[in-house]
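Student: I have a model open and want to learn to read its features. Where do we start?

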Amino acid sequence: MVLLCAMGKEHMAIQSALQALAPTVELVERALVEKAPFAVYRYTLRLEERATEWTFHLIETGIGKVHAALATQRAIELYHPKLLVNVGVSGGLYAGAQVCDLCLSTAYRYHDVWCGEGNERGQVQGMPAQFSADVTAVETMAKQLHIPLHQGLLLCGDTFIPDAEHLRAFAQQYPDLVAVDMESAAIAQTAYLYQTPLVSIRIVSDTPLTSQDHGKQYADFWRQRDFFLAPFADAMRLVCSLAERL
């Protein structure tokens, strides 16, 4: 398994979450194995349930589609993972979204691609209009661990969108939309080309379609360690459960 996250702060949250899961999960080793073109870390965990050690790699992809695609390609070619897992934060765009909710992507799509007549909006010519995800195993484990998940579409593009009206238009166009980000569909397209399964878990850091100041929500989310630690710990509980079944 290879974990992918865009930002260093997401990586630090993942590390803190793993440490918080002790004694069920023991962090045995964390080592930097490559600095460039992407920071790659090797983690070794001891999983109490099966009394076994598990090693995986984590790659900080950087922000945006090009970074994400190149990092995903490198991960696949170097480590030949049975599964790619993308963990990160995003604004929640579904009805009733709350900060710290967990979202599970059932599909990935671009919002900033148009290849002309004969293609759907968001479709790269020659590729599917959207990339699907097999989330059955994650659904089952989430129920066993009593972790609620909001499932739906992740929309992706190389544009940060602060305008709520623009985001609301996306939500109206795609009724199953849960979040918009800048990496997920590029990871999914690369995984599709390399025939590698992908799971994406997104933690809601702000709710831009509500009356809340979502910029302040996002800043507050990262400012309070105890605030972001719980949802990242739930995400990593799911990831470790997946690892035990690979």
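Tutor: Start with burial. A residue is buried when its relative accessible area is under 20%. Keep in mind that this is a predicted model.

Student: Is Thr 61 buried or exposed?

Tutor: Thr 61 has a relative accessible area of 2%, so it counts as buried. It lies in the loop between strand S4 (52-60) and helix H2 (65-79).

Student: Which residues is Thr 61 in contact with, leaving aside neighbours within four places in sequence?

Tutor: Among them are Leu 4, Cys 5, Ala 6 and Phe 38. His 67, Ala 68 and Ala 71 also touch Thr 61.

Student: Now helices. How many residues of H7 are buried?

Tutor: In H7, 14 of the 20 residues are buried, so the helix is mostly covered. H7 covers residues 225-244 and reaches 28 Å from first C-alpha to last, close to the 28 Å expected.

Student: How do I read aromatic pairs?

Tutor: Two values describe a pair of rings: the distance of the centres and the angle of the planes. Here the count is nine aromatic pairs. Trp 222 and Phe 228 form a tilted one, 5.3 Å centre to centre with 50° between the planes. Trp 222 is buried at 14% relative accessibility, and Phe 228 at 9%.

Student: Which other ring pairs with Trp 222 at 6.1 Å?

Tutor: Phe 232, also tilted, with 45° between the planes.

Student: Which residues do ring pairs link into a cluster?

Tutor: Phe 221, Trp 222, Phe 227, Phe 228 and Phe 232.

Methods
Residues are numbered from 1 along each chain as its sequence is written. This is a predicted model: local features need pLDDT of at least 70, side-chain atom pairs count only at pLDDT 80 or more; totals for chains, interfaces and linings use all residues. Side-chain values use heavy atoms; hydrogens and water are left out. Helices (H or I, at least four residues) and strands (E, at least two) are DSSP runs, numbered from the N terminus. Buried means under 20% relative accessible area, exposed over 50%, partly exposed in between (1.4 Å probe, protein chains only). Contact means heavy atoms within 4.5 Å. The expected span of a helix is 1.5 Å times one less than its number of residues. Rings of Phe, Tyr and Trp (its six-membered ring) pair if their centres lie within 6.5 Å; planes under 30 degrees apart count as stacked, over 60 as edge-to-face and the rest as tilted.
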